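We will start with some rings and then move on to a helix.

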Amino acid sequence: VNRSFIYVGRYIPKKGINHLIEAYQQYRAEVKDPWDLICAGKGRMGDKLNHGEGIRNIGFVQPDELPGLFANAGFFVLPSLEEPWGVVIHEAVSAGLPIIATSTCGATTAFLRDRFNGYLIEPGNTEHLLAKMIVAHRLADLEYNKMSDRSYELSKQMTPERWANTFVNGVAEFKNQSKR
């Protein structure tokens, strides 16, 4: 089992970067052999990720680099305060990563079942994020592997055909509403 947390996204306040940094620093103080926090992205808060012990800010990565990053991570974390969908959640579960994400991330409705393949957290609640990071850290390999397998299985519910049908149906519904 790869032991690290990974965040992929913009480095801006609404992504919960401050909560992630604070929770991670507290996590490092509370556990033996803490995992690294790998952050991939860019934005005005990037400098805050350059100074914390155990935080590896690798900056922006191209989409084709994500599978390699995910293959070497343990848990995907998305503590967004606002997140209409969050495609990166689908990408993470497709790679078999258990996830920790806030209830404001729209994609959690499809790809996260609390305590089944990760942990659903309250947005803006640093203590809740910290608690789930500690729980993730302490998972036995067998339970981690089950969560990983469950994430991958949940990822398969969204196929390109299903996305296309959803889009086509959405356009048709919009056209019908605008005719009224």
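## Rings and a helix

Tyrosine 119 has a relative accessible area of 5%, so this residue counts as buried, the cut-off being under 20%. Keep in mind that you are looking at a predicted model.

Which residue does tyrosine 119 stack with? Its partner is phenylalanine 75: the ring centres are 6.2 Å apart and the planes meet at 10 degrees, so the pair is stacked. Phenylalanine 75 lies in strand β4 and tyrosine 119 in strand β6, 44 residues apart, and the pair thus links distant parts of the chain. Phenylalanine 75 is also buried, with a relative accessible area of 0%.

In total there are 9 aromatic pairs. Ring pairs join Phe5, Tyr24, Tyr27, Trp35, Phe75, Tyr119 and Tyr144 into a cluster.

Some rings also have a charged end sitting over them:

| Charged residue | Ring | Distance to ring centre |
|---|---|---|
| arginine 3 | tyrosine 144 | 5.9 Å |
| lysine 42 | phenylalanine 60 | 5.6 Å |

Now find helix α5, residues 126-138. At 1.5 Å a residue, its 13 residues should span 18 Å, and the end C-alpha atoms are 19 Å apart, which agrees. At the start of α5, a side-chain oxygen of asparagine 125 comes within 3.2 Å of the backbone nitrogen of glutamate 127.

Which residues of α5 are buried? They are Thr126, Leu129, Leu130, Lys132, Met133, Ile134, Ala136 and His137. An α-helix has 3.6 residues a turn, so residues three or four places apart point the same way. The cover over the buried residues of α5 includes α1 and the strands β1, β4, β5 and β6.

How values were computed:
Residues numbered from 1 in each chain as written. Predicted model: local features only at pLDDT ≥ 70, side-chain atom pairs only at ≥ 80, totals over all residues. Heavy atoms only, no water. Helix = DSSP H or I, 4+ residues; strand = E, 2+ residues; numbered from the N terminus. Expected span 1.5 Å × (residues − 1). Buried < 20%, exposed > 50% of the residue type's maximum accessible area, 1.4 Å probe, protein only. Contact = heavy atoms within 4.5 Å. Polar contact = N/O pair within 3.5 Å; in protein donor to acceptor, adjacent residues only side chain to side chain. Phe/Tyr/Trp six-rings, centres within 6.5 Å; stacked < 30°, edge-to-face > 60°. Lys NZ or Arg CZ within 6 Å of the ring centre and 35° of its normal.
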